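Work through the exercises below with the model open. Each task is followed by its solution.

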Amino acid sequence: MTNPTAIVAEDEAPQRKELVRMLAQLWPELKIVAQCDSGASALEEMQRLAPNVAFLDIQMPQVSGMDVARAANGRTNIVF
């Protein structure tokens with residue numbers, strides 16, 4: 001069985017870095033395949049990488065986390 005994959009989408013760099021750090025500590029087998037600073041880039045990475053989980057900020061530039069979650073359409077587990 002392969003390790004689960006995830007993207008992290010947070011427009012504020014310190015919060016994104018801290019979330020990635022905490023995930024590495026608490027869920028070491030999780031592979032973060034992309035870190036995104038906008039909802040638009042999160043949409044692109046979800047389509048390109050098809051992660052198991054997406055950790056999303058709700059309010060981001062261009063496209064909100066809610067919009068990204070809707071686009072996931074059940075293919076990716078969403079965590080706000």
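Buried means under 20% relative accessible area, exposed means over 50%, and partly exposed lies in between (1.4 Å probe, protein chains only). The model is predicted: local features need pLDDT of at least 70, side-chain atom pairs count only at pLDDT 80 or more, and totals for chains, interfaces and linings use all residues. Residues are numbered from 1 along each chain as its sequence is written, and side-chain values use heavy atoms, leaving out hydrogens and water.

**Exercise 1.** Classify glutamate 45 as buried or exposed, then find its salt-bridge partner.

Step 1. Glutamate 45 has 18% relative accessibility, so it counts as buried.
Step 2. Apply the salt-bridge test: a side-chain nitrogen of Lys or Arg within 4 Å of a carboxyl oxygen of Asp or Glu.
Step 3. Arginine 48 passes with glutamate 45, at 2.7 Å from N to O.
Step 4. Locate the pair. Both residues sit in helix α2 (residues 39–49), three residues apart, so about one helical turn separates them. Helices here are DSSP runs (H or I, at least four residues), as are strands (E, at least two), numbered from the N terminus.
Step 5. Check the partner. Arginine 48 is exposed, at 59% relative accessibility.

**Exercise 2.** Which residues form a nonpolar patch on the surface?

Step 1. Set the rule. Patch residues have over 30% relative accessible area and no salt bridge; like charges are joined within 9 Å, nonpolar side chains (Val, Leu, Ile, Met, Phe, Trp, Tyr) within 5 Å.
Step 2. Name the members: Ile58, Met66 and Phe80.
Step 3. Give the area. Together they have about 270 Å² accessible, by the Shrake-Rupley method with a 1.4 Å probe, where for residues only the protein chains shown count as cover.
Step 4. Methionine 66 lies in helix α3 (residues 65–72). Its 35% relative accessibility makes it partly exposed.
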